[in-house]
Amino acid sequence: MAEEFSPKKKTYVEDIERTLYDIRDEDRSAYKTHSGLTKDIILDISKRKHDPEWMTEFRLKALETYNSMPLPTWGPDISELNMDEIVTYVQPDAKMTGNWQEVPEDIKNTFDRLGIPEAEQKQSLAGVGAQYDSEVVYHSIQEDLVKQGVIYTDMETALWEHGDIVREYFMTLVPPKDHKFTALHGAVWSGGSFVYVPEGVHVEIPLQSYFRLNAAGAGQFEHTLIIVEKDASLHFIEGCSAPKYNVTNLHAGCVELFVKEGARLRYSTIENWSRNMMNLNTKRAIVEKDGIIEWVSGSFGSHVSCLYPCSILHGENARCEFTGVTFASKGQNLDTGASVIHAAPHTSANINTRTISKAGGAATYRSAVKVTRNAPFAKCSVNCESLMLDSESRSDTLPVMDIEGDEADIGHEAKIGRISDEAIFYLTSRGIDEEEARAMIVRGFVEPIAKELPLEYAVEMNNLVNIELEGTMG
Amino acid sequence: MSQLLEIKDLVAGVEGKSILKGLSLSVGKGEVHVILGPNGSGKSTLMNVIMGHPKYEVTGGSIAFEGEDIADLKTFERAKKGLFLSFQTPEEIPGITVENMLRTAKQAITGEKVKIVPFRRQLKALMEELKMKPEYAERYLNVGFSGGEKKRTEILQLLMLNPKLAMLDETDSGLDVDAVQIVSEGVAKFHNEENSCLIITHNTRILEKLKVDKVHVLMNGEIVEEGGPELIEEINSQGFTHILDRHSEGK
Ligand SMILES: Nc1ncnc2c1ncn2[C@@H]1O[C@H](COP(=O)(O)OP(=O)(O)OP(=O)(O)O)[C@@H](O)[C@H]1O
Ligand SMILES: [Mg+2]
């Protein structure tokens with residue numbers, strides 16, 4: 001083993017070629033606020049966004065909360081983040097439209113490269129949202145879904161056209177006071193998607209929102225609010241990426257998912273931020289009786305990530321399936337995992353994660369499972385496996401269990417390991433070269449996750465794994 | 001006859017421990033050789049070293065395959081030259097299906113793109129002959145396989161990859177009567193005058209369908225005796241100590 005991983009044998013590519021993601025557009029934003037965070041900046045953002053009055057007040061209150069809260073004392077080091085240097089609002093020089101031809105050419109080209117309009121044309125997506133810096137520049141939804149009462153639009157439009165619903169739900173599941181960065185989010189949020197699926201409606205083809213941050217030193221704070229009514233179902237896909245800069249960018253998005261009785265929501269994410277990104281994202285779902293939330297979460301990018309999607313199993317028999325993969329490479333500290341709160345009888349959760357670290361990257365799996373007194377017969381199984389590709393990389397598993405309820409059935413399995421030399425020998429003895437053998441083993445390691453991803457994303461993940469493994473072999 | 005495999009004075013060990021102590025052995029093209037030896041005598045080590053396992057350190061002697069010194073070749077290069085090892089304890093490798101591994105291996109060895117339809121047809125037919133359920137092609141390599149299923153999968157690979165030299169390390173151990181029959185039929189199907197077999201066994205039933213050309217007795221890292229198939233019978237009835245005694249007497 002020592003031999004396999006000896007430093008002299010390694011030839012690291014200093015920084016991974018992420019060509020596709022790294023092409024930056026010239027900054028042609030229409031407007032940017034000053035950097036930092038003051039009441040004036042919040043008022044400026046609110047005015048430019050034509051907020052309803054209640055939202056302006058909401059923002060100001062969230063700012064107060066932000067100022068009164070300490071930074072989190074646990075998790076990765078985020079001291080590099082200096083809010084005084086972050087531009088929280090960057091308005092692209094584009095109006096929201098439902099026609100790609102009306103999107104400015106450089107922005108459209110960016111989304112073309114990411115394959116978004118193409119997927120839409122092939123009808124593998126029933127609706128698309130595309131955000132560029134702080135605002136959504138494109139949104140579409142298939143006509144038959146509209147006829148069934150499905151709403152899929154940017155949050156700004158939703159604020160005016162579906163104000164009652166938004167006001168009823170917005171930041172009730174993830175309140176600003178949750179932690180410092182949700183407070184920040186409440187103050188400066190911009191963009192994101194709003195989805196409403198009426199009772200009994202099944203959205204058969206996924207909807208996808210893509211978030212692209214182009215401006216250097218900026219933050220992206222999109223808000224995604226999804227309500228899936230009784231016995232309805234939806235698959236929502238979220239993608240994000242950014243080109244790399246040598247200044248810190250910040251992402252503090254917020255996702256709130258309401259899964260009503262008997263409803264089913266699958267929320268798939270592939271996050272591929274550039275390696276100057278602080279990704280401090282908060283996602284939460286509340287699931288009513290017989291409802292199901294399925295998270296599929298891939299974390300590949302960013303410099304630092306803190307991401308622990310939370311599922312509150314609020315109704316009897318509510319279920320959560322969490323499937324996640326995290327790949328931390330050089331200069332990355334990815335702290336990811338999941339949290340589940342069993343708050344009703346017979347609720348069940350299945351958490352299944354794989355993390356990979358290489359070239360000095362650090363990957364931490366962190367989970368919290370809570371079973372309240374109100375949740376007899378709760379069932380939860382956690383399976384997390386970590387693979388370290390060399391001896392400089394770090395992997396940790398930090399599962400926390402807090403069981404109050406009776407007769408809970410809780411299982412936990414954690415494995416941290418390295419690629420076995422015997423497995424490499426086996427495959428190479430069949431004629432497969434070492435590099436390919438290693439890639440096969442890594443792909444095999446994430447296979448249970450890959451097969452849950454939407455096809456394009458599974459392919460993308462495969463490519464990312466291949467890119468990451470290139471140049472690291474002995 | 002020219003030798004397919006020619007080992008001379010091989011000295012090898014692991015982590016400072018010497019295991020093979022100047023071992024010589026040759027296998028000609030088209031021949032079937034058997035290695036007998038007590039537990040821990042170095043039989044598996046020998047095959048691992050021939051296959052180029054990086055864990056073992058070779059400190060002396062030479063290994064030639066088809067007249068070419070292969071000591072500096074990596075394991076996958078040796079496989080591409082036509083060496084194959086059926087493992088005593090095959091690895092379990094999660095996430096890689098039997099079919100996927102075989103397709104990748106076949107492509108690597110032949111250097112040609114594998115055509116999926118004929119490949120599947122061949123795989124299916126061979127699995128049938130080895131009495132393996134077709135769904136095993138879709139299972140992860142050896143994961144959760146019983147001992148016998150693992151050994152059958154090794155023979156499946158042997159037949160799919162069709163090497164020049166098949167080294168079988170106790171492929172018949174831990175198999176029930178029917179399975180030994182199936183596996184030995186598989187080996188017999190593989191063998192022809194163009195390829196060779198080097199077989200480690202503690203039984204003889206795997207040999208029933210093969211004509212054994214030569215038997216090597218390996219003890220304490222050395223070949224202490226060589227002979228024809230009659231040696232098998234002798235050791236079966238009288239044990240290894242008998243051979244050892246004969247040697248010390250001879251000295
Ligand atoms: N990786 C290793 N580390 C330490 N000792 C080893 C290692 N591999 C083999 N050995 C030792 O070398 C000797 C020969 O082992 P080997 O597996 O080659 O025996 P064998 O003849 O195949 O035995 P068996 O019939 O039990 O399979 C044994 O004493 C074994 O313990
Ligand atoms: Mg052995």
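Let's start with T282(A) and what it touches. Leave aside its neighbours within four places in sequence. T282(A) is then in contact with V174(A), H179(A), T182(A), G253(A), C254(A) and V255(A). Keep in mind that this is a predicted model. Where does T282(A) sit? It is found in strand β15, residues 282–287 of chain A. Is T282(A) buried or exposed? Its relative accessible area is 7%. The cut-off for buried is under 20%, so T282(A) counts as buried.

One of those contacts is T182(A). That residue takes us to a helix. T182(A) is among the buried residues of α9(A). Helix α9 of chain A covers residues 180–188, and the helix is mostly covered. How many of its nine residues are buried? Nine of the nine. Here is the list: K180(A), F181(A), T182(A), A183(A), L184(A), H185(A), G186(A), A187(A) and V188(A). Now a general point about helices. An α-helix has 3.6 residues a turn, so residues three or four places apart point the same way. 

Next stop, V228(A). This valine lies in strand β9, residues 223–228 of chain A. Its relative accessibility is 0%, so V228(A) counts as buried. Which residues does V228(A) touch, not counting residues up to four places away in sequence? They are V197(A), S233(A), L234(A), F258(A), V259(A), K260(A), A263(A), R264(A) and L265(A). Now set V228(A) against K47(A). In sequence, the two are 181 residues apart. In space, they are 31 Å apart, C-alpha to C-alpha.

Now for backbone angles. Most residues other than glycine have a negative phi, and most peptide bonds are trans. Two residues in chain A deserve a look here. H50(A) has a phi near 50 degrees, a positive value, and it is not a glycine. It lies in the loop between α2 (39–48) and α3 (53–68) of chain A. H50(A) has a relative accessible area of 58%, so it is exposed. A359(A) also has a positive phi, about 50 degrees, and is not a glycine. Its loop runs between β21 (348–357) and β22 (362–371) of chain A. Is A359(A) buried or exposed? Buried, at 9% relative accessibility. 

How much of chain A is buried? Of its 474 residues, 62%. Contacts tell us about the fold too. Take those between residues at least 6 apart in sequence. In chain A, 84% of them join residues at least 24 apart. The accessible surface of chain A comes to about 17900 Å². Carbon and sulfur atoms account for 48% of that surface. On charge, chain A has 46 positive and 73 negative side chains. The centres of those two sets lie 2 Å apart.

On to chain B. It has eight helices and ten strands. Its radius of gyration is 18 Å, close to the 18 Å that the globule rule gives for 251 residues, so chain B is as compact as a globular protein of that length. The C-alpha atoms of chain B fill a box of roughly 60 × 40 × 35 Å. Buried residues make up 53% of the chain. For contacts in chain B with a separation of 6 or more, residues 24 or more positions apart account for 68%. Chain B exposes about 11500 Å², and carbon and sulfur atoms supply 47% of it. It carries 31 positive and 38 negative side chains, with the centres of the two sets 7 Å apart.

Notes
Residues numbered from 1 in each chain as written. Chains lettered and ligands numbered in written order. Predicted model: local features only at pLDDT ≥ 70, side-chain atom pairs only at ≥ 80, totals over all residues. Heavy atoms only, no water. Helix = DSSP H or I, 4+ residues; strand = E, 2+ residues; numbered from the N terminus. Rg over C-alpha atoms; globule rule 2.2 N^0.38 Å. Buried < 20%, exposed > 50% of the residue type's maximum accessible area, 1.4 Å probe, protein only. Contact = heavy atoms within 4.5 Å. Areas by Shrake-Rupley, 256 points an atom, 1.4 Å probe, with all protein chains shown as cover. Lys, Arg positive; Asp, Glu negative; His and termini not counted. Charge placed at Lys NZ, Arg CZ, Asp CG, Glu CD.
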